[in-house]
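User: I have a structure open and would like to go through it a bit at a time. Can you take my questions as they come?

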Amino acid sequence: MSAITKIQVDGARLSKALAAIPRTRSMWIGGKEVDAGGERIERRSPAHGALVTTVPRGQTKDAEAAIGAAQSAFDNGPWPHETASNRSRVLLKTADLIERDAETLALLDTLESGKPITQARSEIAGAADIWRYAAALARELHGDSYASLGRDRLGFVLREPIGVVTMITPWNFPFLIVSQKLPFALAAGCTCVVKPSEMTSSSTLHLAHLLAEAGLPEGVCNVVTGYGPEIGAPLTADDRVDMISFTGSTAVGKKAMAAASQTLKKVSMELGGKNPQIIYPDADMDAALDAATFGAYFNAGECCNAGSRLLLHEGIADEFLKQLSARAEDVRVGDPLDPETLVGAIISPDHLCKIQSQIGAARAAGADIRTGGDQLASVGYFLKPTVVANVRPEMAIARDEVFGPVVSALTFKTTGEAIGLANNVGYGLSAGVWSRDIDTATAVARGVRAGTVWINTFMDGTPELPFGGYKQSGLGRELGRNAVADYTEEKTIHMHNGPRTSWWAARAKTA
Ligand code: NAD
């Protein structure tokens, strides 16, 4: 069992980090700071227990004001008609400002979410890269034309910004996820209202200030804060909103879609996952073990892409699980501000309880907890990396998203069985296959119903490649070369040239 039993946090390092960040923020509506004037939401570090930030607990009227500002900026403002060159310039400047303020942004995400600081730094760097990718796509957005319709007809297909877009984001990758949406919508010429998670709002509020500094006109990007049912729900129902881009749980995504259906808004949904890593005996075992450990415990498993199901060939399962358990026990769980830490804190005590009850239910159903399962002594909320073996496909631990540092292992004999197990859940976000045999690897990659399949690697990402889910993991794709076009409507212009040559009804005779 894991050598670590207790998490020590460094008080001096925490004080220095708290001194380096903005501690209270207002909402950002119509190019101004707006305070709800009422209650505020206090966010404590889930690793240290200390108060980190406070943000307004916004209500329906704040959502309505933000949608009004976005609508006015869309109807009257320059942004939807701005040249691609100027839009791209604002996005590039924003990327530079993100890099300038990278340490502030990383500290905000680390202190509010409990993720390791080195990881937060690389997420901010990755986000800046996405803003630059969107800036490049902005200049490539174009429609189509048809000169093949006859001498007297021309057809044009314009791509116009879809309008007002609301964006609702989760707590697990606060800055990265808003950066997978906002720069592409802005590149298309849309105006936006963003609602980050109530637990991790500050880096998104900081971004609103950076956008203003980069020259984004007032009202084009608005940020509201608060709880989902209070200020998120109005953003999904208001008839002035043209599109919703939501990332979060499948359960809340379904509610947002139901609300959007009343006014037939376009929806883009990035939801949960129960992603398999399928491991064959001919794999590079060291690399597969490292990827299984990384896939399960990166971001404390609070990751839509977590490799939370291992499908192991029966010939290697026992040895693989022995070695995986040893690696799980060696993973550095600790103070997220410590640059050596690989796994930080769980987001909240409620979420920790939920994870532990799922582990308890697996044990009660006959699964075997090989390592982990226990909370670590600390002022914060830490859980030991956990390996669950003897899992059967019908168990909840094999089907439901745990969203914690917990991996469950099942075994297979044939490729057909592996694909069947991989597809035997309601989700289809991503999957990994480990084999040196090209036929095996490609058969699995083509057979698994998931938006991304990694072969001999796991959780690699780059803005050029689209990301999104099959089945209940979502609807639509983010990133990739169509990412800006997703925020547009197509308009057909069908034009007649020259004198009319055919008539629907006989022409009246003229003298
Ligand atoms: P969540 O669904 O609880 O919350 C997501 C957002 O929705 C938050 O901002 C929340 O305040 C808001 N919300 C809650 N109720 C709402 C309502 N009725 N109307 C409108 N908005 C509402 O998710 P979470 O716990 O913040 O994040 C974890 C989930 O996100 C996991 O299921 C994870 O798999 C998923 N996720 C998916 C991706 C992806 O790209 N597919 C990425 C990250 C996270």
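**Loops, helices and the ligand**

Analyst: Phe-403 sits in the loop between α14 (396–399) and β18 (406–412); helices (H or I, at least four residues) and strands (E, at least two) are DSSP runs, numbered from the N terminus. This is a predicted model, where local features need pLDDT of at least 70 and side-chain atom pairs count only at pLDDT 80 or more, while totals for chains, interfaces and linings use all residues. Residues are numbered from 1 along each chain as its sequence is written, and side-chain values use heavy atoms, with hydrogens and water left out.

User: Is Phe-403 buried or exposed?

Analyst: Phe-403 counts as buried because its relative accessibility is 16%. Buried means under 20% relative accessible area, exposed over 50%, and partly exposed in between (1.4 Å probe, protein chains only).

User: And what is phi of Phe-403 near?

Analyst: Phi of Phe-403 is near 60°, a positive value in a residue other than glycine. Ala-300 also has a positive phi, near 55°.

User: Where is Ala-300 found?

Analyst: Ala-300 is in the loop between α11 and β13 (309–313). Ala-300 counts as buried, at 3% relative accessibility.

User: Back to α11 then. Which residues does Ala-288 touch?

Analyst: Ala-288 belongs to helix α11 (residues 285–297). Not counting residues up to four places away in sequence, Ala-288 touches Ile-279, Ala-283, Phe-320 and Trp-434; contact means heavy atoms within 4.5 Å.

User: Why does Ala-288 count as buried?

Analyst: Ala-288 counts as buried because its relative accessibility is 0%. Ala-288 and Val-433 are 145 residues apart in sequence, and their C-alpha atoms are 9.1 Å apart in space.

User: New topic: the ligand. Which residues come nearest to the ligand?

Analyst: Thr-169, Glu-198, Ser-249, Leu-271 and Glu-401 come nearest, out of the 26 residues around the ligand. A residue is near a molecule or strand if one of its heavy atoms lies within 4 Å of it.

User: What lies 2.6 Å from an oxygen atom of the ligand?

Analyst: That is a polar side-chain atom of Glu-401. Trp-171 has a polar side-chain atom 2.9 Å from an oxygen atom of the ligand. With Gly-228, a polar backbone atom is 3.4 Å from an oxygen atom of the ligand. A polar contact is a pair of N or O atoms within 3.5 Å; within protein, one must be able to donate a hydrogen and the other to accept it, and residues adjacent in sequence count only if both atoms are side-chain atoms.

User: What about Thr-341, buried or exposed?

Analyst: Thr-341 is buried, with a relative accessible area of 3%. Thr-341 is in the loop between α12 (317–330) and α13 (349–364). A polar atom of the Thr-341 side chain lies 2.8 Å from the backbone oxygen of Asp-335. Leaving aside neighbours within four places in sequence, Thr-341 has contacts that include Pro-116, Thr-118 and Arg-332.

User: Last one, on strands. Where does Thr-452 lie?

Analyst: Thr-452 lies in strand β21 (residues 452–455). Thr-452 is buried, with a relative accessible area of 16%. Apart from neighbours within four places in sequence, Thr-452 is in contact with Leu-429, Ser-430, Ala-431, Pro-466, Phe-467 and Gly-468.
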